[in-house]
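Colleague: Before I rely on the labels attached to this model, I would like to go through them one at a time and hear the rule behind each.
Modeller: Then let us look at it together.

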Amino acid sequence: MVILDRNTLPNTSTDSVTATITAVGAGGVVVADAPVALSVDTGALLIASAPSTDSSGRVTGQISLGADRSNRIVTLTATSGSISRTASFQVVGANLSASPNPPIIAPGSSGTVEFRLTDASGSGMVGQSISVSGNGIATVTGVTGTDGKYNFSYIAPNILGELRLTAQAAGASVVQPIQVQSTTIDPAVGPINSASVTANPSVVGANTGGSTSSRTEIRALFLGASNAPIPRVRVRFDLNGDANSIGGSFSTTDLVYSNTNGEATAAYIPADRASPTNGVTIRACYDLNDFPAGTCPNQALTTVTVTDQPVSVAIGFNDQIRQSANQLSYIKDFVVSVADSSGRAKPDVVITPSVDLTDFFTGFLTWDGSAWVVGGPVYQCPNEDINRNNVLEAGENYFQRSGQPVVLEPPKSAVTISTTPSNGRTGPDGTMVVSVQYPKNYGYWVQMELTVAASGISGTEARASILRVLDVDATAISRETPPPAFVESPFGTLPQYAAGATVSCSLVP
């Protein structure tokens with residue numbers, strides 16, 4: 001039997017996955033001193049505790065990522081004599097984004113797309129192989145450069161329609177649609193019911209020495225009736241007057257047109273000045289028709305913090321979990337530590353925590369005589385809200401339980417966060433406590449990613465993330481009655497898919 005202590009590992013992690021291998025003989029009796037050979041694939045590293053099982057019939061192994069930070073599945077193989085068992089976990093975090101210039105192009109014209117490969121913390125992944133292909137475009141391969149960027153140049157086909165460029169790197173992929181049509185572009189068809197703009201990341205370092213490597217990706221999204229995306233919306237990005245005189249530039253000053261997904265994108269590239277917290281306002285001016293520079297028919301806003309002090313941010317935790325005062329929720333505390341480049345604690349730094357619910361699980365637990373254990377297959381399902389805008393859009397509702405309303409799973413409200421001190425700043429020792437609270441029945445069945453960003457600072461470690469399945473109380477697991485609230489997944493015991501679903505859940509080994 002092979003058990004892993006986690007199913008995923010972020011590609012920024014210096015941590016490891018612990019594997020416990022138990023040798024069991026006839027009648028379920030554990031076997032001591034049994035030789036066990038352990039191996040891992042896909043470039044991972046393994047350190048085994050011993051070449052054979054101990055008196056309890058167990059041997060453990062610590063599996064780390066190695067030099068490969070790509071998204072992939074790492075499989076551990078344990079072999080003893082003629083018996084072999086495997087278990088796998090996923091390396092996650094590599095993300096590929098695209099910024100086309102222009103997003104709408106005339107046949108036979110030259111265009112470029114800037115692809116950027118980032119890890120789980122949002123830092124660029126340098127020196128990674130990347131390939132770009134498309135209909136009517138020859139496949140091109142290259143290597144990501146400064147800040148994980150790769151600039152792809154192409155000549156648009158002479159056929160009108162949609163050019164779909166697909167880029168792949170480090171196990172991540174992105175599809176960037178580009179409209180090939182005449183220079184006369186039809187107006188967008190409204191009305192626009194929802195217009196929003198986001199920055200990823202929201203905390204970004206200043207650029208010094210003429211560098212342009214520090215940047216944040218800006219994304220405007222336009223939705224119409226029934227949350228249908230609206231293409232061809234005209235957008236111009238600016239700094240909304242730059243009230244704090246922080247400066248910076250955008251990857252394009254021309255009109256940007258929303259694509260078939262209703263998205264218009266650009267990159268904000270800071271100058272060499274730091275800003276107050278949320279001190280840079282990004283404005284997306286938009287309309288259904290072309291409009292001249294310097295005008296703003298309609299607008300959507302978001303804020304960014306530009307930082308300048310090189311520091312490090314880390315997240316830690318202990319083995320404790322507590323209950324809310326009404327005994328209905330679990331609370332897990334995480335400590336955030338901030339230090340300067342010499343390792344000294346940094347007090348009074350503004351910390352912005354956020355939580356993303358990356359996956360949920362179906363399944364149930366059963367009592368084995370001493371503890372509640374998995375009683376059947378467990379399936380891991382990705383968050384239905386693909387773009388995390390809390391809007392149910394076409395293609396997102398792939399998971400649909402019979403008799404239940406059509407909602408996005410898991411609900412964003414399943415997990416809430418708070419900080420101590422409550423002012424959101426590190427204390428004299430450079431630390432802050434982030435408390436994650438969730439109803440007991442969601443414990444064990446939801447995976448979250450906690451991210452903290454330190455404002456007023458920069459450097460590649462100004463953000464930190466941790467990926468973790470929601471903890472449950474050990475005493476509840478080892479007590480037969482009453483059954484714990486999490487004995488069955490709130491999402492059901494088996495996946496149920498909506499008609500026409502293109503996304504599926506994966507069986508957990």
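Colleague: Where is the place of Asp 242?
Modeller: Asp 242 is in the loop between strand 20 (234–238) and strand 21 (249–250), where strands are DSSP runs of E with at least two residues, helices are runs of H or I with at least four, and both are numbered from the N terminus. The model is a predicted one, in which local features need pLDDT of at least 70 and side-chain atom pairs count only at pLDDT 80 or more, while totals for chains, interfaces and linings use all residues. Residues are numbered from 1 along each chain as its sequence is written, and side-chain values use heavy atoms, with hydrogens and water left out.

Colleague: How do you know that Asp 242 has no salt bridge?
Modeller: A salt bridge requires a side-chain nitrogen of Lys or Arg within 4 Å of a carboxyl oxygen of Asp or Glu, and the nearest side chain of opposite charge to Asp 242, that of Arg 273, is 7.1 Å away; Lys and Arg count as positive and Asp and Glu as negative, with His and the chain ends not counted.

Colleague: Which backbone nitrogen lies 2.9 Å from a polar atom of the side chain of Asp 242?
Modeller: That of Gly 247.

Colleague: What makes the approach of Ser 99 to Glu 217 a polar contact?
Modeller: The term covers a pair of N or O atoms within 3.5 Å, of which, within protein, one must be able to donate a hydrogen and the other to accept it, and residues adjacent in sequence count only if both atoms are side-chain atoms; the side chains of Ser 99 and Glu 217 make their contact at 3.3 Å. Ser 99 belongs to strand 9 (residues 95–101), and its relative accessibility of 9% makes it buried.

Colleague: Why is the pair of Phe 317 and Phe 334 called edge-to-face?
Modeller: Rings of Phe, Tyr and Trp (its six-membered ring) pair if their centres lie within 6.5 Å, and planes under 30 degrees apart count as stacked, over 60 as edge-to-face and the rest as tilted. By this rule the count comes to 12 aromatic pairs. One of them is tilted, Phe 222 with Tyr 286, at 5.0 Å centre to centre and 55 degrees between the planes. Since Phe 222 lies in strand 19 (residues 216–223) and Tyr 286 in strand 24 (residues 280–287), that pair ties together parts 64 residues apart in sequence. Phe 222 is buried at 1% relative accessibility, and Tyr 286 is buried at 11%. For Phe 317 and Phe 334 the centres are 5.8 Å apart and the planes stand at 65 degrees, so the pair is edge-to-face. Phe 317 lies in strand 26 (residues 309–317) and Phe 334 in strand 28 (residues 329–340), 17 residues apart.

Colleague: Is Phe 317 buried or partly exposed?
Modeller: Its relative accessibility is 38%, so Phe 317 counts as partly exposed, whereas Phe 334, at 1%, is buried.

Colleague: What makes you say that the charged end of Arg 468 sits over the ring of Phe 317?
Modeller: The rule asks for NZ of Lys or CZ of Arg within 6 Å of the ring centre and within 35 degrees of the ring normal, and the charged end of Arg 468 sits over the ring at 4.1 Å from its centre. Arg 236 likewise lies over the face of Phe 291, 5.7 Å from the ring centre.

Colleague: Why are strand 18 and strand 22 said to stand at the edges?
Modeller: Two strands pair if DSSP finds at least two bridges between them, and the open sheet of 5 strands has the order 18-25-24-20-22, with mixed pairing. Strand 18 (203–205) and strand 22 (256–257) each have a single partner strand, so one side of each is left without a neighbour in the sheet. Strand 18 meets strand 25 (residues 298–307) in the parallel sense over 3 bridges, with Val 203 opposite Thr 305.

Colleague: What is the phi of Ser 226?
Modeller: Ser 226 has a positive phi of about 55 degrees although it is not a glycine, and with a relative accessible area of 74% it is exposed.

Definitions and conventions:
Buried < 20%, exposed > 50% of the residue type's maximum accessible area, 1.4 Å probe, protein only.
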